[in-house]
Structure formats: structure tokens, C-alpha cells
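Notebook open, new chain on the screen.

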Amino acid sequence: MGTRSSHVAVIPDVDDIRRDTGFSQASLLRLYHRFRALDRNKKGYLSRMDLQQIGALAVNPLGDRIIDSFFPHGSQCVDFPGFVRVLAHFRPIENEDPGTRDPKQPEPLNSRMNKLRFAFQLYDLDGDGKISRQEMLQVLRLMVGVQVTEEQLESITDRTVQEADEDGDGAVSFLEFTKSLEKMNIEQKMSIRILK
């Protein structure tokens, strides 16, 4: 039977979280235990410092930007439902008939469009709805480090923005971003198999 702490019933609002994120009960339970392990002081929420303990984020060049996504609108802490909602963007997409989804229901957090929105906000550093040349350069600099010269990096940035910028305003809008990635399998690239 197991102890009470091994049951999903210990997770507050578990049914709402499950409905919002699409995670299975088993996945939610694993994530809840991981959340509690990261919450070393048993505060009931995580801070940026707590998330910086995650090894995969510490070595990811976009780790700080990913951590920022857990703290929208300048918040300083994230509770379990907020933690899981961000992770839901990385849940693999199940092969279901798109016609079976109720159009009155919100689009799943792990849909292609929501994955693209998540990726876009990693580049849109100032949150103005456009990726400027400077923002693109800054993010690419984080991603490649010293492996590429500054001149090469600027050339890559200019070419990337120029190819995606259809309206010629010198920046990449969300629509332009989605069009530039339409051939990329974002569903697979932004999925973590253990998050089902």
C-alpha cells in the first residue's frame, strides 16, 4: 500500500494541476517529490537559488533564461502548480487526433504553439514581443560562448534576423519566429521524455 506521502492525494489541487498540465498522476507525484527535494528549507515554494541547484540548468547556456520563466512578472518564488506548469511545456506531445480536442478548452501547454511561445520568450529579453538584433546576439553569445569569434557571431545574428524578418523592421516578431521554425520538429526538440 505504501505510506501516505507516496500518494497523489498529498498534492494540493492535484486534479486541477493534472487537467492544466496533462501530466499523469505518476509524473505529478515524481515532480512533487523533486519539488520538495529542491525546497530544502520546506518553505512550500522555490526561489531562483533553489532552481540553480539543478545540474542540467547550471550547465545549460540558457539556464538563467529558463529559470526566469518560472518567475513571471518579477515574482520571487514559484509554488508547485507554477513549477509544473512551466515543465508542462516540455512534456512530449501525444499523437492524438486534433479533431478530438474540445475547442472550448485552452490549448495544451505542450502544444507546438505554446512550445514556440516558450522558446520565443527566451530570446525576447525585454518582453516587447519582438526579438531585436541585440537580443538575438546576446542569446547566441550565451549559447556559443567563446567557440565563435565576435565577427562570426555578428554575421550569424545578422543573417538569422534578416532571414526571419519578413516585414523589414529589423526585428523578429512571434509570427515571423514561428514561420522561420515551421520545418523544425519543435515538438521533439522541446520534449523531455521523462515528463509524461
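This is a predicted model: local features need pLDDT of at least 70, side-chain atom pairs count only at pLDDT 80 or more; totals for chains, interfaces and linings use all residues.

Reading from the N terminus, I get the element order α-α-α-α-α-α-α-β-α-α-β-α-α.

Residues are numbered from 1 along each chain as its sequence is written, and side-chain values use heavy atoms, with hydrogens and water left out.

Whole chain next. I looked up burial: 37% of the 196 residues count as buried, meaning under 20% relative accessible area, with exposed over 50% and partly exposed in between (1.4 Å probe, protein chains only). The exposed surface comes to about 12100 Å², and carbon and sulfur atoms supply 53% of it; the areas are Shrake-Rupley with a 1.4 Å probe, and for residues only the protein chains shown count as cover. For contacts (heavy atoms within 4.5 Å), I took those with a separation of 6 or more, and 54% of them join residues 24 or more positions apart.

Then the core. Which residues have the most contacts inside the largest nonpolar core? They are Leu-51, Phe-70, Phe-80, Phe-83 and Phe-177, in a set of 46 residues. A nonpolar core here is a set of buried Ala, Val, Leu, Ile, Met, Phe, Trp, Tyr and Cys residues joined through side-chain atoms within 4.5 Å. Helices that each supply at least two residues of this core include α1 (14-21), α2 (25-38), α7 (112-123) and α9 (150-164). I clicked on Phe-70: setting aside neighbours within four places in sequence, Phe-70 touches Leu-51, Val-78, Phe-83, Val-86 and Leu-87.

I also checked α7. Its 12 residues reach 17 Å from first C-alpha to last, close to the expected 16 Å, which is 1.5 Å times one less than the number of residues. Its buried residues include Asn-114 and Lys-115 as well as Phe-118 and Phe-120.

Asp-13, in the segment before α1, has a positive phi near 55° without being a glycine. Lys-42, in the loop between α2 and α3 (48-51), has a positive phi of about 55° and is not a glycine either. Buried or exposed, these two? Asp-13 counts as exposed because its relative accessibility is 52%, and Lys-42 counts as exposed at 57%.

Notes:
Helices (H or I, at least four residues) and strands (E, at least two) are DSSP runs, numbered from the N terminus.
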